[in-house]
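The following exercises are to be worked with the sequence and the three-dimensional structure in view. Each task is followed by a solution in steps.

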Amino acid sequence: MSSNDSPLLRADHVSRIYDDGQVQALSDVSLTIHQGEYVAIVGPSGSGKSTLLNVLGGLDEPTSGHVLFKEQTIRDAAALDRLRSTEIGYVFQSFYLLPTLTAVENVQLPMFETGLNARQREDKANELLETVGMTHRADHLPTKLSVGERQRVAIARSLANDPIAILADEPTGNLDSKTGVEILALFDQLHEQGKTLVVITHDHSVAARAQRTIEVKDGQLIRDTLLTEVSE
């Protein structure tokens with residue numbers, strides 16, 4: 001699905017400084033991501049790309065500048081919590097599945113912020129596991145799942161509250177090449193369904209699947225390239 005003209009995420013002169021001013025992870029970054037886009041953020045290790053993703057997704061706060069979601073600056077904690085629980089889904093390289101919960105229970109975790117009852121949560125979690133091809137592993141603990149299966153469960157969890165955007169930090173970084181291709185095919189499907197995707201990667205083959213690449217170096221945006229023409 002092509003992007004439209006509606007700004008979804010916007011960084012306005014964002015900087016992020018750590019360690020009492022000693023480390024500048026981002027320096028005066030401005031960019032706009034539109035609803036329906038598939039964007040890859042690339043750059044070497046330590047370039048600031050993960051910090052940029054975390055700031056865009058509300059997991060970290062800029063030291064200066066503003067991040068806007070649907071053209072509204074997110075300021076108060078309640079609005080930020082709602083953004084993180086209902087509007088944006090997160091996929092991490094290390095999965096962050098709770099080891100004492102089964103796959104279907106892990107997928108349900110974000111749903112506790114909603115009004116769904118226990119049966120509704122379980123039914124929806126099972127539907128999401130079916131979407132990522134994991135129905136047969138629903139009752140397994142993460143330790144009993146392969147690395148690729150854990151990432152599929154993490155993707156299902158990111159979709160728990162039907163977010164408008166998925167932010168993924170090196171989603172294929174811990175996967176073998178075959179499993180990585182399968183995960184990227186799932187991302188393609190999510191994009192076709194209208195999700196906005198923002199993916200951090202150092203792998204050029206991963207970035208090539210996106211519509212647009214944003215290159216970050218030394219905390220600055222140095223290149224913004226549209227890879228495919230947006231069609232109606």
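**Exercise 1.** Is glycine 194 buried, partly exposed or exposed? State also where glycine 194 is placed.

*Solution.* The model is a predicted one.
Step 1. Glycine 194 has a relative accessibility of 21%.
Step 2. Buried means under 20% and exposed means over 50%, with partly exposed in between. Glycine 194, at 21%, therefore counts as partly exposed.
Step 3. The residue belongs to the loop between helix 6 and strand 8.

**Exercise 2.** Determine whether lysine 195 is buried or exposed, and describe its surroundings.

*Solution.* 
Step 1. Lysine 195 is located in the loop between helix 6 (177–192) and strand 8 (196–201).
Step 2. Its relative accessibility is 11%, so lysine 195 counts as buried.
Step 3. The side chain of lysine 195 comes to 2.6 Å from the backbone oxygen of proline 163.
Step 4. Leaving aside residues up to four places away in sequence, lysine 195 touches Gly36, Glu37, Leu159, Asp162, Pro163, Ile164 and Leu190.

**Exercise 3.** Classify the packing of helix 5 against helix 6 as parallel, antiparallel, perpendicular or oblique, and name the residues that meet.

*Solution.* 
Step 1. Helix 5 comprises residues 147–158, and its axis lies 10 Å from that of helix 6, at an angle of about 15 degrees.
Step 2. Angles under 35 degrees count as roughly parallel. The two helices, helix 5 and helix 6, are therefore roughly parallel to each other.
Step 3. The crossing of helix 5 past helix 6 is right-handed.
Step 4. From helix 5, the residues in contact are Gly148, Gln151, Arg152 and Ile155; from helix 6, they are Thr179, Glu182, Ile183, Leu186, Phe187 and Leu190.
Step 5. Sorted by class, this contact of helix 5 with helix 6 has 5 nonpolar, 3 polar and 2 charged residues.
Step 6. The spacing of such residues may be considered with a general rule. An α-helix has 3.6 residues a turn, so residues three or four places apart point the same way.

**Exercise 4.** Where does threonine 172 lie, and which residues does threonine 172 touch?

*Solution.* 
Step 1. Threonine 172 is in the loop between strand 7 (165–169) and helix 6.
Step 2. With a relative accessible area of 12%, threonine 172 is buried.
Step 3. Apart from residues up to four places away in sequence, threonine 172 touches Gly180, Ile183, Leu184 and Val206.

**Exercise 5.** What is the phi value of aspartate 28, and what is that of tyrosine 96?

*Solution.* 
Step 1. Aspartate 28, in strand 2 (residues 23–34), has a positive phi near 55 degrees, although the residue is other than glycine.
Step 2. Aspartate 28 has a relative accessible area of 45% and is partly exposed.
Step 3. Tyrosine 96, also a residue other than glycine, has a positive phi near 60 degrees. Tyrosine 96 occurs in the loop between strand 6 (88–92) and helix 3 (103–108).
Step 4. At 56% relative accessibility, tyrosine 96 is classed as exposed.

Terms used:
Residues numbered from 1 in each chain as written. Predicted model: local features only at pLDDT ≥ 70, side-chain atom pairs only at ≥ 80, totals over all residues. Heavy atoms only, no water. Helix = DSSP H or I, 4+ residues; strand = E, 2+ residues; numbered from the N terminus. Buried < 20%, exposed > 50% of the residue type's maximum accessible area, 1.4 Å probe, protein only. Polar contact = N/O pair within 3.5 Å; in protein donor to acceptor, adjacent residues only side chain to side chain. Contact = heavy atoms within 4.5 Å. Axes fitted to C-alpha atoms, helices over the stretch in contact; angles between N-to-C directions. Parallel < 35°, antiparallel > 145°, perpendicular 65-115°, else oblique. Left-handed = near helix turned anticlockwise from the far one by under 90°. Nonpolar A, V, L, I, M, F, W, Y, C, P; charged D, E, K, R; others polar.
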